[in-house]
Structure formats: structure tokens, C-alpha cells
Amino acid sequence: MAIRVAHVGTGNVGGLALAQLIANPRFELTGVCVSSPAKVGRDAGELCGVGLDEPTATGVSAVGDLDTVLATRPECVVYCAMGDTRLPDAMADVMRILAAGVNVVGSSPGLLQYPWGVMPDKYIGRVQDAARQGNSSIFISGVDPGFVNDLIPFALAGTCQRIEQVRCMEIHDYASYDGSEVMNYMGFARPLDEVPMLLQPGVLGIAWGTAIRQLAAGLGIEVDEITESYQREPAPEDFDIAVGHVAKGTLAALQFEIRGMVNGHPAIVIEHITRLRPDLKPEWRQPASGAGSYRIEITGEPSYAVDIAPGSRKGDHNHAAIAGAAGRIVNAIPDVIAAPPGIVTTLDLPLVTGKGLYAPSNLVST
């Protein structure tokens, strides 16, 4: 029997997650909730690019309030509404869903990926109380922070005899990234005398603290402190990107690090190198392939350097990475439903293997 699933949010991650829910016979879509009045009443397939030639392909029309979606009695809600810039609202939404007895998988609120040591205990307790009230579970993930910082490093670490450091890197050109809120949050195309929200003191450590703390828990170490640093590079001239215009002198390349320190040693490091043009700061690390890749480095015995270059027939590296985030949460739905009530992390889930996803294609050589 198909799992009854409702969906919230049809942005970058949400649109791809919704398309997977519609296409995969393991799921039955019961409802879709959107924040834009212009999307209310439109068919779910139209909103995510499925069934464009047949606008009523799914028969599920988007609504503008959460209660209407919960009234469809789903077993799980895929929550992909923006969380970075509306954290209190996103937290309230997921607690409401959990208390109603409905499980949650999603891309936000990001702090719930692994909140211990990052969020105050009283806020974690409220989420756990809502989950116990509804006998429900919640799993939040993404790419980075997300499976690049936990699932993949843990798989490699499990083969080591000794580990001195784990470093996770994202090396991406964001020129094609169509997410104006995130780009503004990072400070791109803004004057360098402005300090954007992401680079305010302590924010990097909070945003990626979930990844640091979860890696530490999996490795069985105690992080003494989380430190952070960043470098910025201005645009050498005017140019345009997917979200608009970049004026000369505004932010066009960004490098930052978040370090989990153990006895003064950076045991866990998250590093991002984000450019809006490939020629900017050539001395910084370059992607392993194309315009974007991820890199996992484990220093130990043995040591590893693993490059992950996401690709897609439907878009570039940015699209492919977002598709990976959507796949990670949607594929976890059966295991999250089966999990005990509460916040579920990668450390709690069994290995999600991609069961039911095989689909042969004549584009693959034999």
C-alpha cells in the first residue's frame, strides 16, 4: 500500500521533492501547501513541472494553509518551506505537524539535523514533546549541511584504523543558482563593507554546528569549541548571474571555514569555496569536475580524498546537488515513519539504499 504523504513548499528543493513524490508509486500525494497566493489552486504536477501538458495530472490542488493539508490525513509531511530566514515560523510549523501525529522529513529547519549542542535544550525539548504527543518522528537533511557532512564521511570513517581529521568541502560556482534569499543571506552582490547575516559572528558556527556536532558524536569525540573564519573577494567588473546583477566591487567570491576543535586541534573542518565566476581567486581550491564538486578528506590510516561531482540530465551541478537533497529526504520516508518518536538523525537511520528507484534507460550504454 502506498504511503500517504503531503508536501509543504515548492521552491528549489521542494519542487524536486514534490516531483519525486508524484512519480514514485510508493507514495500517494494527499495535499500540497504553498506560501505564494499565485500558486494556490494550481495542480501539484504543474507546480513542479510534472504533467505540464495535462495540468490536472495529479488532481491535487495547492492550498495556502497547513490545517487543510493535515486534514488529508497523511502519514508524513515533506517540509521544504524556507527555514533560513524564517526559523521561528518553520519551527512552529513542524511542531504543529508532529503534534498532529504526522511524521516529518524535510530540508528545514536546518538546525534540527542535529540540534544537540547547537540549540538551547528548551527548544529541543519542545520539538521532542510535540513528537511524543503525536507519536511521530522528524528527519531533516540537505546536501551541505547534510549528507555530504554525515552520510558519506561516516561511510569512509567506518573503514579507518585511526582518524586525525575529517574535512568536508563544497567548491561551487553559484552563478546559476536561482535562490535570491540564500544569495542575499550569504552577501553576494552586496558591498564588502556590509556584513551579511551568514557572516555575522557565530552564525557560521550555528549553521554548520549541526554537521560538526553530528560528526563528533559519530566519531565519539567531544568538541571543545567551534571556530570560524572567512575571506571575501570583490567583483573585478560588472556582470550578471541567475539572480541578477553583480556590480564591480561587490562580493563575488567567498571562502569560509568552520572548525570543531578538540584540545586545540581542528578535528572536524567544514570548508566552502563559492564563486560567481570561475576566474575569481584561482589560488583557492578548484572543483574536481565542471563548475562544482564536493570533497571529503580524512587524514588518518588510511587517509582518503574523495571527490563527488554531482551531475544531472536536467540541469547543472547546482540543480544536481539540490536533487540530491530532495532524494535524501524523500527516500528516508519509510524509515522515518518506522522510527521511534522524536528527532531522528543520520546516526539513527538504517542505511537508505535507494530501494525502488531502479529505472532502466536507453540513455545508459549496455
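1. Let me start with helix H10, which lies across E7 and E13 and runs at about 130° to E7. Please keep in mind while reading that this is a predicted model. H10 spans residues 317-331, and we will meet this helix again at a pocket, where H10 supplies at least two residues of the lining.

2. E7 and E13 belong to an open sheet of six strands, ordered E8-E11-E12-E7-E13-E14, in which the pairing is mixed. At its edges are strand E8 (225-234) and E14, each of which pairs on one side only. On average, neighbouring strands here are turned by 10° against each other, with direction ignored.

3. Inside this sheet, you can follow the parallel part through strand E7 (residues 162-173) and strand E12 (residues 265-275), which are joined by eight bridges. If you want a residue pair to find on screen, take cysteine 168, whose bridge partner in E12 is isoleucine 270.

4. The antiparallel part shows up in strand E13 (residues 292-301) and strand E14 (residues 304-308), which pair over five bridges. Here tyrosine 294 has isoleucine 308 of E14 as its bridge partner. A hairpin of two residues joins E13 to E14.

5. Helix H9 lies across E7, E8, strand E11 (251-262) and E12, and runs at about 145° to E12.

6. Now for the other sheet. Seven strands make an open sheet in the order E3-E2-E1-E4-E5-E6-E15, with parallel pairing. Which strands are at the edges? They are strand E3 (62-63) and strand E15 (342-344), each pairing on one side only. Within the sheet, strand E1 (residues 3-8) pairs in the parallel sense with strand E4 (residues 76-79) over four bridges, and valine 5 has cysteine 76 in E4 as its bridge partner.

7. Helix H4 (residues 87-99) touches E4, strand E5 (103-106) and strand E6 (137-140), and its direction makes about 170° with that of E4. Helix H5 (residues 121-134) touches E6 and E15, and the direction of H5 makes about 105° with that of E15.

8. Asparagine 135, in the loop between H5 and E6, has a positive phi of about 55° although it is not a glycine. Proline 145 is found in the loop between E6 and helix H6 (151-157), and a cis peptide bond joins aspartate 144 to proline 145, with omega about 5°. For context, most residues other than glycine have a negative phi.

9. Of its 18 lining residues, Leu16, Gln20, Ser312, Lys314 and Ala323 are the closest to the centre. Which helices each supply at least two residues of the lining? They are helix H1 (12-23) and helix H10 (317-331). By class, the lining has nine nonpolar, seven polar and two charged residues.

10. Finally, a word on annotation. An unreviewed UniProt entry places the feature "domain: 2,4-diaminopentanoate dehydrogenase C-terminal" at residues 147-352. Over residues 147-352 the chain is 25% helix and 33% strand, and the end C-alpha atoms are 11 Å apart.

Notes
Residues are numbered from 1 along each chain as its sequence is written. This is a predicted model: local features need pLDDT of at least 70, side-chain atom pairs count only at pLDDT 80 or more; totals for chains, interfaces and linings use all residues. Side-chain values use heavy atoms; hydrogens and water are left out. UniProt positions are given in the numbering used here, feature names are shortened, and annotations may be inferred rather than shown by experiment. On a 1 Å grid over the protein atoms alone, a cavity is a set of points where a 1.4 Å probe fits but cannot get out, and a pocket is an open set with protein on both sides within 12 Å along at least five of seven lines; lining residues have an atom within 4 Å of a point. Ala, Val, Leu, Ile, Met, Phe, Trp, Tyr, Cys and Pro count as nonpolar, Asp, Glu, Lys and Arg as charged, and the others, Gly among them, as polar. Two strands pair if DSSP finds at least two bridges between them. Contact means heavy atoms within 4.5 Å. Axes are lines fitted to C-alpha atoms, for helices over the stretch in contact, and angles run from 0 to 180 degrees between N-to-C directions.
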